[in-house]
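This report goes through one protein structure for a reader new to the subject. Please keep the sequence and the 3D view at hand while reading.

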Amino acid sequence: MAKSNKGDFLSPKAVANRQKMKGLQKLKFYCQLCEKQCRDQNGFKQHCSSEAHLRQVAVFGENSGRFIKGYSEQFLANFLDMMAVSHRNTRIKATVAYNEYIGNKTHVHMNSTKWTTLTEFVKYLGREKLCDIEETAKGWFITYKPRDKEEQLRDRMEMEKRRKEEDEETRMANVLARQIAKQNKKGGEEKKEERKADAIDLDDGEREKINLHVVSGGLNNALENSEKKRKDIVDFSNAGGMFSNKKMKTGGKEEGKAAFKKRKKLKWMLRENIVCRKTETGEKGTVVRVNVEDREADVKLKESGSVVENVDEDEFEPVCPGVGGKCAVVRNHDFVGEEGKVLGVDGNTGEVTIESFKRGIQFKAKSSDVARLV
Ligand SMILES: [Zn+2]
């Protein structure tokens, strides 16, 4: 740590340093759980015995591991973001970087991360090769290496994305395989039936004709004729009145398949009990049935009470609740599926702050990606 010269006690720098120190000390009295800053030891003590705080602690106790992991990740990400913006490739004192970092009022406080001291955090940065670190008589210095970190981050994100895609692909492949198997089984049965029908429904005269082909042909032509016979059967099947019925049925099935193909994969209507709105008319409704495999979602319209089956989700949009409302993130977010309570709405950015029910953490999402839960 830098030692200030006694003679410089009143120099602007020393005063500023002391002020910073004061700011730093205050962190001790910040409760990350409640995101509450207390002014001094006494206030902090009082806060710690308050009912609101104890409730938070109880929630925290149930999944403290997750909290600390979440805060640590956030702390690290924010810190590296700051480094990326302000100190690319610059050797900088760790305390200076840290002070700059905590200058942001909304920063995640270190006392809620897995790092108990700045030194520990710096060592972590070095170990993870996120920064070059160096210990000197003046304290720790760090050099942020953007390429490495960004590459690493990109790699990590890429990997994550690939894994998600693979998961999705395997799932889709399984679904398709199942459907194909089902289709084949059905198709096979139908073909067999058809063949049987061919054999039965040819009247005797026609069958004789076929037989005649075979018989009249010389041995050399037997193969060719049997081929022809097969063709003949096909021709008959096309000509026969009874088959037109079957043909229509097959046609219908193909149409169904085409419609399925045309129906888009569900993008956000992936769960029931979310509130949506018909974009054009503003009519509200609730998703009452979802079949992800068949790409179907039914919406019960609020006003008429009628259920619209197989809706086109593009004609709808999620309805975000107001402050205090229960909601679920439905799209364009790392936390899709997360349920929580809306804590605040930012009219400027259109973002809402959500507190996750399960994880207790708070995060932001675009209100257009959030739907009210019923
Ligand atoms: Zn608290």
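Predicted model: local features only at pLDDT ≥ 70, side-chain atom pairs only at ≥ 80, totals over all residues.

His 47 has 7% relative accessibility, so His 47 is buried. His 53 has 9%, so His 53 is buried too.

## The chain as a whole

The chain has 374 residues, and 29% of them count as buried. It contains 10 helices and 15 strands. Among contacts with a separation of 6 or more, 49% are made by residues 24 or more positions apart.

## Helix packing

Two packed helices are described by the angle between their axes and the distance between the axes. The table gives these values for two helix pairs.

| Helix pair | Axes come within | Crossing angle |
|---|---|---|
| H3 (residues 51-62) and H4 (residues 64-86) | 5 Å | roughly 95° |
| H4 and H5 (residues 94-102) | 10 Å | roughly 105° |

An angle of 65 to 115 degrees counts as roughly perpendicular. H3 and H4 are therefore roughly perpendicular to each other. On the H3 side, Val 59, Phe 60, Gly 61 and Glu 62 take part in the contact, and they meet Ser 64, Phe 67 and Ile 68 of H4. The residues of this contact of H3 with H4 divide into 4 nonpolar, 2 polar and 1 charged.

The residues of the contact of H4 with H5 comprise 7 nonpolar, 2 polar and 1 charged.

## Two loop residues with positive phi

Most residues other than glycine have a negative phi. Lys 129 is not a glycine, yet its phi is positive, at about 60°. Lys 129 is in the loop between helix H6 (118-127) and strand S4 (131-136). Its relative accessibility is 57%, so Lys 129 counts as exposed.

Arg 295 also has a positive phi of about 60° although it is not a glycine. The loop that holds Arg 295 runs between strand S7 (284-291) and strand S8 (296-301). Is Arg 295 buried or exposed? Arg 295 is buried, because its relative accessible area is 15%.

## Val 329

Val 329 belongs to strand S11 (residues 326-329). With a relative accessible area of 2%, Val 329 counts as buried. Which residues does Val 329 contact, leaving aside its neighbours within four places in sequence? They are Phe 335, Val 336, Gly 337, Glu 338, Ile 354, Phe 363 and Asp 369. Lys 366 is 37 residues from Val 329 in sequence, and the C-alpha atoms of the two are 9.1 Å apart in space.

Key. Residues numbered from 1 in each chain as written. Heavy atoms only, no water. Buried < 20%, exposed > 50% of the residue type's maximum accessible area, 1.4 Å probe, protein only. Axes fitted to C-alpha atoms, helices over the stretch in contact; angles between N-to-C directions. Helix = DSSP H or I, 4+ residues; strand = E, 2+ residues; numbered from the N terminus. Parallel < 35°, antiparallel > 145°, perpendicular 65-115°, else oblique. Contact = heavy atoms within 4.5 Å. Nonpolar A, V, L, I, M, F, W, Y, C, P; charged D, E, K, R; others polar.
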